[in-house]
Amino acid sequence: MEMSIESWFNLHYYGFGHDGEPLSDGEEDEEDIESGTPEEPIDEIDDREFPFHDDVFYINLKGPRVRTGFDNLPMEILINIFRFLNAVDRDSAALTCKRWFDAMGYRDFLDEVCFHFEEVTICDATPPIELFLHSFRHFSNIKMTRVTFNGYCEFWDIFGDYIREITFSNCPNVTKSKLTMILKRLPFLECLVLEECDELFKSWTPVDKKRIEPNCKNLRKLALRKNNAFTVDHLDYLIAMGPNLASLEVSKCLKQIDAPTRVKILTTILAIMERRKKKLKSVDFSYTMYDDLFLKQFAEIEDMSLSQISLSFFERAPIKDPGIIDILRCQSNIVHLDLSSFLNLTDFALIEISNSLHLLKTLKLNGCWLLTDFGVESIYKLDRLRVLDLSDCDKISDRGFMKAIVDRKRDCMNQLFLSMLPGLTDGVILKICLTLLNLTVIDFCGSDCMNDTSVQFLFCYLKCLRILRLNGCVKISDAGLTGENLAVAAIEMWDVQTTFSISDLRSLQELQLSGCFKVTDITLMHSFRFRELREVNLAHCVQISEPGIEAMSLNCPALEQVDLSDCFHVNDRCVESLSKNLLRLRLLKLVRLPLLTGASVDSLVNNCRALRYLHIRGCHKLPKDSAERLKKIPTLRNIPKC
């Protein structure tokens, strides 16, 4: 693992000695005194970049500059270094030495890793549980999808004390007794997610509420997702298990039940919120069926202060005084607000958001098609905004967006989603780049405003970009991505013209160019040089072929996810280059590629050591036994139907 020269210099500048502590002001190196060797001069650098948080260094500001090894760094500095790495890189770094492995035990790092058991049997005598029983690592986040439980399992006794979050997704044979047995062995569980668990609720009858077990005192979040079979009794029982719940999620539920039952469940949810209003801080009812009366009664709950709300609404709302307005007026402490697909959200509701929610940091309005410039202009009042999603609000134009965002200083905003907005023109892109210099995520998928000149402005000003999504931006070509042969230069002063390349985005980690059919091998060969790029989507880029794919595989070694679907010039040599050069490749999509043959299958089997998901359907030249041959890849989780 490499570190920049600036990072190395900062560590030594602030005086970390070989023992991990700064030397005192009067302390000198005895060997240097005896030998009389003059100290090595160190150049002063005034404008140096900090790779770590300032709080780490405040004690050592006056320490002398000495040289030291990175293996003796204080643990807090090592943890801050690891924060700049993703989970895969941290796992690799942990194999270096014991001290680096110990840093991996930091709570935040463990929570980022989810161990997903999918379509396996949970039994001590069979893998993968048999292997996990001999593991020396701990796991805080477990997800189980379509697993089968077979008797008692010692896994929960060994690792139960360390599990903080567990998800059961579409597990057919999980019963109430099995769920209770598992939860009893998770004393410090903080989050319980039940997803597509209708079989559990159907078998859980009758519900005995005289004895609630287990009592999960540390449970902070309960999430029910894509469930339609739970009843009022089930909901009351689950809520009673967590006396200290602070977050309740009932999302994508109640779609396949009759109206009277749905009303009973919604009434119960309101009663639960009334009882737990002192502790409840977050609710999520997105994509769940409810009406405006539910929102009205939601707003009538007094003395409840929520910091996060997620709501979606599909029913017809009253034109005057809808329930969402009442909620916004009484919940003034909201920090994160997600109203995606709230189809009846009007400009007056958005004005109420801007006037009442002064603490708002996240605002998601994806698919709120009734919003116009009149309402969007009021967003300028939200000076703490960090994340804004206005995707698919097709009535918004340059005038409203300029008033909302561009006309105010926005140093704290780092994520902007503006996909599917036909009303925006390329004239607003330059204003965005000059105002939102700290953007790390930007999404312009399907927007007509993106062309060769527009992307040049992105490459010039938004140097911090990590995620760039331009799917369906058909006006973009090689000239815009490489800065070569542009009709109009991005910056022109007198007779000097300056252009930019996508390779200037050195921190880029995700790039989406699906459907940009004007992109050819020229871009991949001249501008795809990303050391940190992990995901690239080039589906439907029909002019990409072997030279470009080979150059990309050599110059982007960190790639983990690649999508080349419908790039019909991709052949066996392309697949061979990807499999040999991308050692971290985990997901590969090769859909509808007519040139692929059995040689591609052999390349994947012989070279891929980390591939987990492979989509290779629609390739009619592949042999019939391809699926059987692909089973030889030990890490593959899905066997494609070629």
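**Chatting through a predicted model**

Modeller: Let's start with T482, which sits in helix α20 (residues 478-482). Helices here are DSSP runs of H or I with at least four residues, strands are E runs of at least two, and both are numbered from the N terminus. This is a predicted model, where local features need pLDDT of at least 70, side-chain atom pairs count only at pLDDT 80 or more, and totals for chains, interfaces and linings use all residues. Residues are numbered from 1 along each chain as its sequence is written, and side-chain values use heavy atoms, leaving out hydrogens and water.

Colleague: Is T482 buried or exposed?

Modeller: T482 is buried, at a relative accessible area of 9%. Buried means under 20%, exposed over 50%, and partly exposed in between, using a 1.4 Å probe on protein chains only.

Colleague: What does the side chain of T482 reach?

Modeller: The backbone oxygen of D478, at 2.6 Å. The T482 side chain also reaches the backbone nitrogen of E484, at 3.4 Å.

Colleague: And which residues is T482 in contact with, leaving aside neighbours within four places in sequence?

Modeller: Those are F500, S501, I522, T523 and S527. Contact means heavy atoms within 4.5 Å.

Colleague: New topic. Which residues of α13 are buried?

Modeller: In α13 (residues 292-299), they are D292, F294, L295, F298 and A299. Looking down the axis of α13, these fall within an arc of 155°, so they line one face of the helix. The arc is taken from the directions from the helix axis to the C-beta atoms.

Colleague: What covers them?

Modeller: The cover includes α12 (259-275), β9 (282-285), β10 (308-311) and α14 (323-330).

Colleague: At what angle do α13 and α14 pack?

Modeller: About 20°, with their axes 8 Å apart. That makes α13 roughly parallel to α14. Angles under 35 degrees count as roughly parallel, over 145 as roughly antiparallel, 65 to 115 as roughly perpendicular and the rest as oblique. The axes are lines fitted to C-alpha atoms, for helices over the stretch in contact, and angles run from 0 to 180 degrees between N-to-C directions.

Colleague: Which residues meet there?

Modeller: From α13, D292, L295, K296, F298 and A299 meet G323, I324, D326, I327 and C330 of α14.

Colleague: Last one: how many helices and strands are in the protein chain?

Modeller: The protein chain has 25 helices and 23 strands. Of its 642 residues, 50% count as buried.

Key
A polar contact is a pair of N or O atoms within 3.5 Å; within protein, one must be able to donate a hydrogen and the other to accept it, and residues adjacent in sequence count only if both atoms are side-chain atoms.
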